[in-house]
Amino acid sequence: MAEILVYVDHVDGAVRKPTLELLTLARRIGEPVAVALGNGAADTAAVLAEHGAVKVLTADAPEFAEYLVVPKVDALQAAYEAVSPAAVLVPSSAEGKEIAARLAVRIGSGIITDAVDLEAGDEGPVATQSAFAASFTTKSRVSKGTPVITVKPNSAPVEAAPAAGAVETLAVSFSEKAQGTKIVARTPRESTGRPELTEAAIVVSGGRGVNGAENFAIIEALADSLGAAVGASRAAVDAGWYPHSNQVGQTGKSVSPQLYIASGISGAIQHRAGMQTSKTIVAINKDAEAPIFELVDYGVVGDLFDVVPQLTEEVKSRKG
C-alpha cells in the first residue's frame, strides 16, 4: 500500500487534534508516515503510532524555532524525497497552508486547500471542498505530481488504530532561504481555558444582537457549560466587543465544529462563509426573518438575553 506523508502539528511533543484527524484520513488512502519537527518531535511517536502511523520521521534543529516556515518546508521536502509518498497531508492552519503551498511549488505538484473530506480514487485521492461560502460542495483531485492537500480541523473523527510507529531520524539540509526571516520575540497567548476556536467540537458565537462587550459574559457562560470555544461575528469584533482572534467568517477564522450556536447573528454571507460547514447549526435570534435561519438545523426565535441563560442553566442541570 502506498505511503502517505502526514505533517505533524504539535507543541513541544503534544500532538494537536487536527493531526490525529489527518491520520484517520491518511489510512483511507494508504499507510500514514508522520513527519514531526522541532522540540519534542521524538515525544510524539507513541501517540502517532496509537493512531495509525506506521513510521515517524523526526528532526530537531534550532532553525525550526528560530526562523519562519522555510526550515519546515526544507524538512518536509526531505521527507518527500525519502519516502516518495502517494500524497502529502497538512493541517489547514495559516502556517500549514503556507508550508503546503511552498512544498507544492518545489516539487511541481498541484495543491488542494481546506478539504473537508478525503477518499481513495482510481487516479489518486479525491478531496471534498466547500466553495462559494459553502453554497456548493466540490470533489477534486490533483492531476499533476504528488497531491499536496490541506485539511480543515474537525473534518474526520479521531480513531485509534495501533501501528508500528517506527521512529527514524530525518536528515535535513537547510536551504539558503531557511534563515531569511528570523523570529525575534514571542508573546505567549493568554489562555482562557477554552478549546482552540478552529479545533473545537462546539462553538458558541455572539453577534450584533449581544449589544455590548459586557454582555458577551452570557455567551461565555453558555460556552463554558458546554466545554466550547467562543466566537464572534465581524459586527461584534468591529464594534470592539470581542477580539479579532475570535472572529468567525470570511475575514476571520473558518470553523467546522460538530455543533455551532449562533446568538444574535443575522447570518451575513461573510459570516456564513466561516461556519456553514458545521455539522449541526443552531441559531437564536429575535428576528424571524434573519438570513441565518435559512441554513440552520434548529432555530429559536426569541431574545437571546432570555433564551441563552435558560439554555445555560438547562445544560448545567443535565450535567448534574
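Me: How many helices and strands does the protein chain have?
Reply: This is a predicted model, in which local features need pLDDT of at least 70, side-chain atom pairs count only at pLDDT 80 or more, and totals for chains, interfaces and linings use all residues. Residues are numbered from 1 along each chain as its sequence is written, and side-chain values use heavy atoms, with hydrogens and water left out. Helices (H or I, at least four residues) and strands (E, at least two) are DSSP runs numbered from the N terminus. On that basis, the protein chain has nine helices and 17 strands.

Me: Why is the protein chain described as being as compact as a globular protein of its length, and what is its radius of gyration?
Reply: The radius is taken over C-alpha atoms, and the globule rule is 2.2 Å times the number of residues to the power 0.38. For 320 residues the rule gives 20 Å, and the chain's value is close to this, so the chain is as compact as a globular protein of that length; its radius of gyration is 21 Å.

Me: What share of the residues of the protein chain count as buried?
Reply: Buried means under 20% relative accessible area, with a 1.4 Å probe and protein chains only. Of the 320 residues, the share that counts as buried is 50%.

Me: Which residues of helix α6 are buried?
Reply: Helix α6 covers residues 216-226. Its buried residues have cover that includes β13 (202-206) and α9 (304-319). They are Phe216, Ile219, Leu222, Ala223 and Ser225.

Me: Which residue just after α6 takes a positive phi?
Reply: The phi in question is about 70°. The residue that takes this value just after α6 is Gly227.

Note on methods
Contact = heavy atoms within 4.5 Å.
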